[in-house]
Structures are given as C-alpha cells and as structure tokens.
Amino acid sequence: MNTSPITTEAPDQGIPPSQVDPVHFGTDGWRALIDKDFNHRSVARVAAAAAQVFKEQTDDKDGAILIGYDCRQDAGRYAALAAAVIAAAGFDVRVSDRYCPTPALCWTIGQDPTLIGGLMLTSSHNPAEYLGIKLRMADGGASPSTFTDMVEAALVDEPPSCFADALAAFEAAANGTPDAPAGPLAVAPALEFVDIMSAYLDALRAAVDAPLIRKAGLKVVLDPLYGAGRGYLAGLLTEFGVQVAEVNGENDPSFDGLHPEPILPWVQRGADKVVELGFDACFITDGDADRIGAVDHTGAYVTTHRLLALLIGHLVENQGLTGRVVRNLAGSNLLLRQCDRLGLSLTTCPVGFKWIYAEMLEGGVMIGGEESGGMGIPSHVRERDGLLMALLLTELMAYRGKRLHELVAELLEVLGPLEYGRRDLRLTPEQKDAFVATHIQGSAVGFEQYEELFAPLGETLCEISKLDGIKFCFASDAWLLIRTSGTEPLVRVYAEASTDAQVSSLLDTGCSLAQN
C-alpha cells in the first residue's frame, strides 16, 4: 500500500507574488488542487471574504465560527490558517481538535446558538490531490448560492494583513486524530481547539435502537475510503455488538490512489471483503462522510435510490415518522412508488443538496436524498449524514432480521423493478456549449423530433423538463436526464428503466445527444 504523503511546498514557495488564484464556489463549496490554486494565499483570501460576509449578513455580530477538516494532507493546518484569518476579523473561532465528518460540524453548529456558521476544509469525493472549503450557515445547513456569490464578490487580490500570523498558525498546527487531538497554538492564542465529536457521536447513539441492534448478531464491513468517517462508525457499531471489519481505514492522506466516492469502482475493496468474510453488508462513506454507499453480501453494489427507498420505509413503518420526501431530478421513480404506497408526498428539485436544504427550510420534510448518496433527516440536522444513514440501515436489518440483499429483493417485489445507470462525459468546451445551446437553452429541437428519436427504443415520450439540464420522461416510467455538472467539467447522463438493457440504450442515446 502506498502510504507516502502528498508533497507540499513551503508557504508561497514558487508562487509569483502577482498571481491571483481563481476561486469559484460550485454546487457545494470551492475545490482546487493542493499547492496549485488551493494554497496559503487563496485560503486566506477566501477566509477573509467569508468573515466579511458573515459579519454583514448575520444579526449576531459577536457570534462564533466553527471550523472542521477531513483527513487530507494538511487539512488541519489549513483549518488553523483560515481560523487565524477569521479571528483577526473579530470573530471568536473554534477549531475541531481532530478530523471530523462534515455532518459532525453541521450538527454541532445546529445545536449551539452561539455559533453563526462554519467552514469545513474538505473536497468531499474529489481525489486526494484536491482540498476545498464548504461554508455552513447558523443551522448547520449548506450556504445558499446567494451567500457564496457574496463571498466571491468580497474576494480581494491581496491576502489579508494578518497573513504572516496565519502562516505561522499553519506551520504550528497539525491534523488532529482521536488518539492525538490538536492542542492550543502559542502563535495563535485566540484559537480555541474543541472536541465536537463526543456530543455528535452521542446524538448518533440516541438515533437508533442500540439494544435491538445488539441482539441481531449482525456482521458488517465498513469502508471509509480513508476519509473522515474512519474509526468513528466502526467504533459505534462495535459498541452496539456488531462484528465489524474496516477496510481503507488507515491514516493515508494519499488515499492509496482511490477516489473517496462511494460508487464503483472505488468500493471494490469493500465488496471483495464482504464476500470474503460472508458478512451481511458493506457500508461506504465518502471523503467527508456526508454520503453513503452500500454493497450486499454477494458483492453487488446497491444503488443509493434503493437505499433511500428502504430508509423511507424504515422511518415510517418502524420509527413512526411522517412528512414530505424530497428527491432531486436524478432521483429514482422507486421513491415515487414508495411514497405512493406509504401515503407520503414527494417533492422534486434540481440536482444539488442545497435545493433539498431549501425544501427543509420550508418545513414538513421527513427525509431528503440525492442520487450521489447524500441523504439527510432535518430533525437531526439540515444536512447529509452518511454515518447516520449507515446506522439506520443497520437498525433496519436488525428490525427485519434480514441481510441487505434480502431487504432490497423484498423492496423490488413490492414496488416493481427499476434499474439505473449514469455516465460522465468529458466534452470539449465547444461540445458542451453546443449541447447547452441546442437542447437546454434553445428551442430548435421540438417535441416531435425527440419523440422520433426515442421511438426506436420502444419509449413513448410524455414530458420534457428543463428544471436542471434536460429530462425526458416516458410512459413506461423510464426517464433520461442530461445535465452539466456544477462542480466538474463534465456532462452527466442518467437513466432509469425496467431493465439494464433499456438503461444502456437510453444512456447511449443521451451520450449521443450530449456529444451532438
């Protein structure tokens, strides 16, 4: 296994003084290559701009800001740098004394009225070479685009006047771990390092029926993909009497070359381990542990659509909850079928959890989930939480006395089969612009032409939506969605149909449309 760290330069070494590194907040945060656009000066500039906007947009001018970080190279040191800049702007600043999942940061903010927001140093599912910043609001939820737009507008070319002190904080800080938490810094005495994990883990303990899980005799593989969930979920489930095997849980900021995204092919080690051991399921979390993936005991990947449908049933039938369900445009029609079965209303919004968060603010939401594995229960926190979802799925297996594979089989028997697929296309800028101009912004292609396109596939076109990209809905309950990514230079093509073969045909057609 490759455990060599990612190399980092000394502060500003080799970076021309006149260089202004680009910063743009995408669907959920700003992300960039470490020691390239993500460097000491760019982080200081973003922290200063965020502090300015927090100061302007919040009623509590004396509120505190909480800062957390994941397991990436120097994430804890960059957290100290950002904290020093925000402290210099007049805020009380608290920094997690160890790596933490994004939902731990969000839950803590939501529980503490003295906290008016937070920064999370992470780049989520991106490869190890990336780091980034997520901004969080006073309820722990994701910052809306209006807020991040103001942060971008507040950016100035030069680093703040406290930059030298912030660099000193970076040099003195460390990535804290549960075994070796970070402590006070003599060079930055205004920073307060705090334990946010203990209270958060207590909240997770209270969210499920631990005695029930203990009686079930379950065996689970966990794969944190070297991310911020490592150790934490394994500790809870072991405490609950579950036999646990954790893979990819070492301290390795290189992630051993894996992308910390809970989808194939990155989940293969967990899949191999659950088959080898004959365990009941494998649960996977992403780089900052706000997303969930799963593999059953046969090594088969379980789509997040099916996981969310299972969780909806569990919350209603076993935990007695009710309320709206929110999905994004790439969400499965399994969710519609499940909601119809249980008498729940379903709301559909554009892709990106910020839109689900907006629905949570409206109220009445039981659970919201996105195609990429982010699922959140607002009564816990208005944010995704991969650890909580893994615990709830474990609780469901205990309630039913069945393995994950059996639960999925029963779900499809009740709701009917639906298969799903996604392809990501890296197009040239010209191809991408042509696709957007022709199919999303333009009206040159009419409904009848699209009907003719899909007729050879045996699909009858019923509706076209341009809520986010372009989505084609068919009489068979199948659909095809083509949209540009909000975080990467990609066009994503999604499809759902009753068979894998039909999904493949729809994806082929969608890719052809995207590529013109």
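## A loop residue to start with

Ser372 sits in the loop that runs between strand 14 (365–369) and strand 15 (375–376). Helices here are DSSP runs of H or I with at least four residues, strands are runs of E with at least two, and both are numbered from the N terminus. This is a predicted model, so local features need pLDDT of at least 70 and side-chain atom pairs count only at pLDDT 80 or more, while totals for chains, interfaces and linings use all residues. Residues are numbered from 1 along each chain as its sequence is written, and side-chain values use heavy atoms, with hydrogens and water left out.

Is Ser372 buried or exposed? Ser372 counts as buried because its relative accessibility is 19%; buried means under 20% relative accessible area, exposed means over 50%, and partly exposed is in between (1.4 Å probe, protein chains only). Leaving aside residues up to four places away in sequence, Ser372 touches Arg291 and Thr304. A contact means heavy atoms within 4.5 Å.

## The whole chain

Now for the big picture. The protein chain has 17 helices and 20 strands, and its C-alpha atoms fill a box of roughly 65 × 60 × 45 Å along the principal axes. For 516 residues, a compact globule would have a radius of gyration near 24 Å, and the 23 Å of this chain agrees with that. That radius is taken over C-alpha atoms, and the globule rule is 2.2 Å times the number of residues to the power 0.38.

Of the 516 residues, 59% are buried. Take the contacts between residues at least 6 apart in sequence: 70% of them join residues at least 24 apart.

## Helix 3 and Ile109

Helix 3 (residues 102–111) is mostly covered, with eight of its ten residues buried. Among them are Pro103, Leu105, Cys106 and Trp107. What lies over these buried residues? The cover includes strand 2 (64–69), strand 4 (115–121), strand 5 (130–136) and helix 6 (197–206).

Ile109 is part of helix 3, and it counts as buried because its relative accessibility is 0%. Not counting residues up to four places away in sequence, Ile109 touches Leu66, Leu115, Gly117, Gly118, Arg136, Met137, Ala138 and Gly140. The C-alpha atom of Ile109 is separated by 20 Å from that of Glu362, a residue 253 places away along the chain.

## The largest pocket

Rolling a probe the size of a water molecule over the atoms shows where empty space is left. On a 1 Å grid over the protein atoms alone, a cavity is a set of points where a 1.4 Å probe fits but cannot get out; a pocket is an open set with protein on both sides within 12 Å along at least five of seven lines, and lining residues have an atom within 4 Å of a point.

The largest pocket has a volume of about 990 Å³. Its lining has 39 residues, and Glu261, Ile263, Arg422, Asp424 and Arg492 lie nearest the centre. Which element gives the most to this lining? Strand 16 does, with five residues. By class, the lining has 13 nonpolar, 13 polar and 13 charged residues.

How values were computed. Grid points are joined across faces, edges and corners, and a volume is the space filled by probe spheres set on the points. Ala, Val, Leu, Ile, Met, Phe, Trp, Tyr, Cys and Pro count as nonpolar, Asp, Glu, Lys and Arg as charged, and the others, Gly among them, as polar.
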